[in-house]
Structures are given as C-alpha cells and as structure tokens.
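The model comes first, then my entries.

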Amino acid sequence: MQSNIVVRKLASAIGAEVVGVNLADETMSDETVAFLRQAWLDNLVLLFRDQNLTHEQHIAFSRRLGELETHEAIPKFCHPEHPEILLVTNFENTGKKLVVGRQWHSDLSTTTRPALGSLLYCDEAPEVGGDTMFGNMYRSWETLPEPYKRMLDGMRAKHDMSVARETRARRSAEELADIRRRNPPVLQPVVRYHDETGKPALYVAEMTTVELEGLTEEQSRPILDYLYKHSTEPENTYRHRWRPGDLLIWDNRCAIHMAMGDYDDNTRRVMYRTTLRGEPSGELA
Ligand code: SIN
C-alpha cells in the first residue's frame with residue numbers, strides 16, 4: 001500500500017479528507033483500495049481534493065468500490081455516452097433545469113435498491129454557495145431518546161419520490177401523477193442495520209419520507225419533524241464548500257445529504273455523479 005496517505009477529520013461527527021491519493025491511478029493496489037474503504041466506513045464521507053478525472057477514470061475508480069447504477073429511472077440526466085454518470089448541473093443540459101437534492105435525503109431511498117454510496121466529482125463550482133451538507137445517521141440513531149428508539153425499531157416508513165419540495169413546485173399535477181406511477185412509494189425500515197459495519201442508522205429524511213407505517217400522515221408528522229430536526233442538528237453535520245477537482249464519496253446507508261440552492265443560477269455548478277448499487281431494501285407500499 002502507498003505509505004504517504006493521510007486521513008484527517010473534517011468535522012467531529014462526519015467526514016474526513018484523504019491526502020496523497022491520485023484517483024486516476026489505474027495501478028492503485030487492492031490494499032490501498034481496502035484502506036480507503038475502511039476510512040470511508042469509519043468516516044461516512046471522504047473528500048479527495050485536486051483530482052483531475054476523466055469520466056472513464058471516475059467510473060473506473062468507482063468500480064473498485066462496487067457495482068454501478070446506470071440510472072435507468074432518470075435517463076435524461078445521464079451522460080449520453082456513459083449511463084454510469086449522472087449529470088448534476090444547473091444549466092439546461094436536459095431540456096429542463098435540473099434541480100436535485102435540495103432537501104435532506106439518502107440517494108434512491110424511494111426504490112427497493114437504495115444506493116450504497118455516491119461519488120460526486122466537481123468540474124465547476126459557483127464562486128459562492130452550492131455547498132453540500134452531510135449528516136451522520138448512526139449518530140442520529142445513537143443519540144435518540146430511548147422511548148423513540150423503542151417505538152421506531154422495527155417500524156417502516158413510506159418514501160415517495162414525488163413529494164420533494166422542488167419537484168412539487170416545478171411539476172404539474174399530471175407530471176407528479178406520472179412520476180408516482182413510474183416510481184411507486186416504497187416502505188423502508190426506519191432504522192437500517194448497515195450491511196458492512198452491522199451498526200444501526202436512522203433511515204428517514206425530509207425530501208422523501210412521508211409517513212410511518214400504521215400511522216396517518218397527520219399522526220406521523222410531529223414524529224418525523226422531530227427526527228428531521230434531530231438528525232440535522234449542526235453538531236451532527238459537515239458542510240462541504242466545493243472546489244473544482246474535489247471528489248466526495250458518501251455512504252447512503254448511514255449518511256444523509258442536501259445540496260444548497262443558495263447560488264446565482266447564472267453561474268455554473270457542474271458535477272458528475274456515479275452511484276454504487278446497494279443491497280435490496282424495502283418493498284412497494
Ligand atoms: C445529490 O443529491 O446527489 C446531489 C448533491 C449535490 O448536488 O450537491
């Protein structure tokens with residue numbers, strides 16, 4: 001393994017920067033990949049600065065960590081030649097302005113194959129704004145009061161792609177109905193046991209979770225609102241200020257994230273994401 005790799009924490013709850021790794025290096029040893037995977041499992045989010053990745057190199061490094069999604073559900077946001085690359089940009093590359101992830105969420109929780117991890121590479125960043133925030137969902141679960149834990153362990157919650165605030169604001173009633181028809185809501189466990197670490201993590205987030213199984217939306221609302229507030233307390237988060245050349249990896253099984261929309265839309269924010277396919281979880285509601 002390379003001996004010059006340094007891992008340093010970015011915040012107390014979540015996130016670390018890895019220094020001394022060139023992700024474009026196709027000869028990276030299996031030992032180095034295993035070291036990075038362990039650092040990722042320990043820190044939930046890893047930052048690699050000053051990378052210079054082609055799409056092929058981004059895909060090749062991502063594949064060292066697992067099988068990749070080809071994003072069939074959202075083909076118009078895929079790179080035309082590389083379906084493994086999701087175009088996370090704020091300009092009209094798709095005929096529609098792409099506004100994604102501006103509330104807390106875990107990638108693909110609205111499907112029965114939620115994402116294991118995501119690798120987001122920054123090509124262009126706004127001068128100010130457009131940060132991404134992350135929350136530690138192991139810690140969210142650990143620090144919940146015991147009565148909440150007793151109530152929620154074993155419970156499921158409905159995740160619905162059509163309820164995201166930006167989606168509701170920008171789509172007609174027919175379009176929302178169509179999104180819901182193509183992506184029917186899914187029941188996911190409220191606490192998920194991580195398939196590599198075995199640790200429990202809270203698995204609800206405001207962008208997609210609508211109600212708790214066995215309760216109405218009205219009855220669920222105060223409980224969910226408390227969980228959202230609890231999991232996004234500043235002490236539980238890391239906020240990343242992007243620079244071109246940054247690559248961030250996050251673990252969707254135990255971390256939530258949110259893209260900040262606080263930048264001038266005349267400036268460009270150009271990101272490319274690969275998504276690691278996770279284990280099956282949940283079932284159609
Ligand atoms: C995402 O939710 O994958 C996008 C995050 C971002 O644009 O910062």
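I started with strand E13 (247-251). Five of the five residues of E13 are buried, so the strand is largely enclosed by the rest of the structure. Buried means under 20% relative accessible area, exposed over 50%, partly exposed in between, with a 1.4 Å probe and protein chains only. Strands are DSSP runs of E with at least two residues, helices are runs of H or I with at least four, and both are numbered from the N terminus.

This is a predicted model: local features need pLDDT of at least 70, side-chain atom pairs count only at pLDDT 80 or more, and totals for chains, interfaces and linings use all residues. Residues are numbered from 1 along each chain as its sequence is written, and side-chain values use heavy atoms, without hydrogens and water.

Next I checked the faces of E13. Leu247, Ile249 and Asp251 are buried on one side, and Leu248 and Trp250 are buried on the other.

Then I looked up its partners. Two strands pair if DSSP finds at least two bridges between them. E3 and E13 run antiparallel, joined by four bridges. Phe48 stands opposite Leu247 there. E5 pairs with E13 through five bridges, also antiparallel. Here Gly117 faces Asp251 as its opposite.

Last, the packing. A nonpolar core is a set of buried Ala, Val, Leu, Ile, Met, Phe, Trp, Tyr and Cys residues joined through side-chain atoms within 4.5 Å. The largest one has 40 residues, and Ile14, Leu152 and Leu227 are among those with the most contacts inside it. E3, E5 and E13 are among the elements that each supply at least two residues. H7 gives the most, with four residues.
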